[in-house]
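Please look over the sequence and the model below before reading on.

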Amino acid sequence: MKALQTMKLEIESRSVNEAFARAVVSAFAAQLDPTVEELADLRTAVSEAVTNCIVHAYRETVGKIYISASVYPQGMFCVKIRDRGCGIADVAQAREPLFTTLGGERAGLGFAVMESFCDKVQVRSAVGKGTTVTLYKRISGRDDA
């Protein structure tokens, strides 16, 4: 299916940029006229994905986070959050609720939160090469964008 509109954003993996990424993606999604709840869901999922890049992908350094968002027919919205960080050795394990590689105050709920707020979440990763998280969210009430 061909995207009707697409936007791309590149940011550094600094915590201050998490809110910026969330705001940019939600502003782009606004063209689909989402409900307040749909927009909040999308913002939360994007926040979790970007935070994972900041905290896990580039643990001791600053790297780039690449975000693209696309609008598809029938109100489908897709966001890809990609890094070129350390990658995930076991994606299935990383998606398990409460699993974390860092411990401490980290709850290990990032992927569970993304999955609860999106219709579909895909995760591709290669150790030493990075991770791509793709979030799909259908915006209700729209027959076509």
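This is a predicted model: local features need pLDDT of at least 70, side-chain atom pairs count only at pLDDT 80 or more; totals for chains, interfaces and linings use all residues.

Residues are numbered from 1 along each chain as its sequence is written, and side-chain values use heavy atoms, with hydrogens and water left out.

The secondary structure of the chain consists of four helices and five strands. These are DSSP runs numbered from the N terminus, with helices being H or I of at least four residues and strands E of at least two. Their order along the sequence is β-α-α-β-β-α-α-β-β. The chain has 145 residues, of which 45% are buried; buried means under 20% relative accessible area, exposed over 50%, and partly exposed in between, with a 1.4 Å probe and protein chains only. Its accessible surface is about 7,800 Å², and carbon and sulfur atoms hold 50% of that. Accessible areas come from the Shrake-Rupley method with a 1.4 Å probe, and for residues only the protein chains shown count as cover. Among contacts in the chain with a separation of 6 or more, 66% join residues 24 or more positions apart, where contact means heavy atoms within 4.5 Å.

Helix α1 covers residues 16-29, and its buried residues are N17, E18, A21, V25, S26, F28 and A29. They pack against β1, α2 (36-57), β2 and β3. The loop between β1 and α1 holds S13. Is S13 buried or exposed? S13 counts as buried because its relative accessible area is 5%. Beyond its neighbours within four places in sequence, S13 touches I54, Y58, T61, V62, G63 and I65.

E115 lies in helix α4, residues 110-117, and is partly exposed because its relative accessibility is 33%. The C-alpha atoms of E115 and A45 are 7.9 Å apart, although 70 residues separate the two in sequence. S140 sits in the segment after β5 (130-138). With a relative accessible area of 41%, S140 is partly exposed. S140 and E38 are 102 residues apart in sequence and 8.3 Å apart from C-alpha to C-alpha. Neighbours within four places aside, S140 is in contact with T35 and E38.

As for cysteines, C53 is buried at 4% relative accessibility, whereas C86 is partly exposed at 29%. A disulfide is a pair of cysteine sulfur atoms within 2.5 Å, and by this rule there are zero disulfides.

Last comes a pocket. Rolling a probe the size of a water molecule over the atoms shows where empty space is left. On a 1 Å grid over the protein atoms alone, a cavity is a set of points where a 1.4 Å probe fits but cannot get out, and a pocket is an open set with protein on both sides within 12 Å along at least five of seven lines; lining residues have an atom within 4 Å of a point. Grid points are joined across faces, edges and corners, and a volume is the space filled by probe spheres set on the points.

The second largest pocket holds about 160 Å³ of space. Its lining is made up of K8, L9, E10, Y66, I67, S68, K80, R82, R124 and T132. At least two lining residues come from each of β1 (5-12), β2 (64-72) and β3 (76-83). By class, the lining has three nonpolar, two polar and five charged residues. Here Ala, Val, Leu, Ile, Met, Phe, Trp, Tyr, Cys and Pro count as nonpolar, Asp, Glu, Lys and Arg as charged, and the others, Gly among them, as polar.
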